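Please keep the picture open as you read.

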Amino acid sequence: MEKIKNYVETVLQPKLQGDGGWIEFVSFENGVLTVVFRGECSKCLILHRCVEWIEGEIKRDLNKTVKVNAIRKKPYFQEV
């Protein structure tokens with residue numbers, strides 16, 4: 001689990017920040033990676049493509065098959 005969390009925070013997060021998005025690791029249990037998408041990702045119309053990309057990146061780089069459970073959250077300033 002720690003390897004997946006580190007991958008999300010150090011590899012995926014910076015790539016999504018480049019497009020104005022943000023991803024947060026929540027959990028990894030039984031092959032399901034749960035992440036929260038914020039920023040531009042929270043309103044993206046093609047988030048499903050990003051989820052597929054993340055699954056592919058993890059498969060390629062970590063040799064691990066995962067299913068991504070994506071949770072959308074509004075930016076912090078909109079949650080008030």
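1. In which sense do strand β1 and β2 pair, and over how many bridges? Strand β1 (residues 21–29) and β2 pair in the antiparallel sense, over 8 bridges; pairing requires at least two DSSP bridges between two strands. Strands are DSSP runs of E with at least two residues, helices are runs of H or I with at least four, and both are numbered from the N terminus.

2. A word on the source: this is a predicted model, where local features need pLDDT of at least 70 and side-chain atom pairs count only at pLDDT 80 or more, while totals for chains, interfaces and linings use all residues. Residues are numbered from 1 along each chain as its sequence is written, and side-chain values use heavy atoms, without hydrogens and water.

3. The open sheet has 3 strands in the order β1-β2-β3, with mixed pairing. Its edge strands are β1 and β3 (67–72), each pairing on one side only. β2 and β3 are parallel over 6 bridges, and Thr34 stands opposite Asn69 in β3.

4. Next, the end of β2: Gly39 in β2 has Gly21 opposite. The backbone oxygen of Gly39 is also reached by the side chain of Ser42, at 2.6 Å. Ser42 sits in the loop between β2 (32–39) and α2 (47–62). Ser42 counts as buried because its relative accessibility is 16%, the limit being under 20% with a 1.4 Å probe and protein chains only.

5. Finally, Leu33 touches residues including Ile4, Phe25 and Val68, leaving aside those up to four places away in sequence; contact means heavy atoms within 4.5 Å.

Notes. Buried < 20%, exposed > 50% of the residue type's maximum accessible area, 1.4 Å probe, protein only. Polar contact = N/O pair within 3.5 Å; in protein donor to acceptor, adjacent residues only side chain to side chain.
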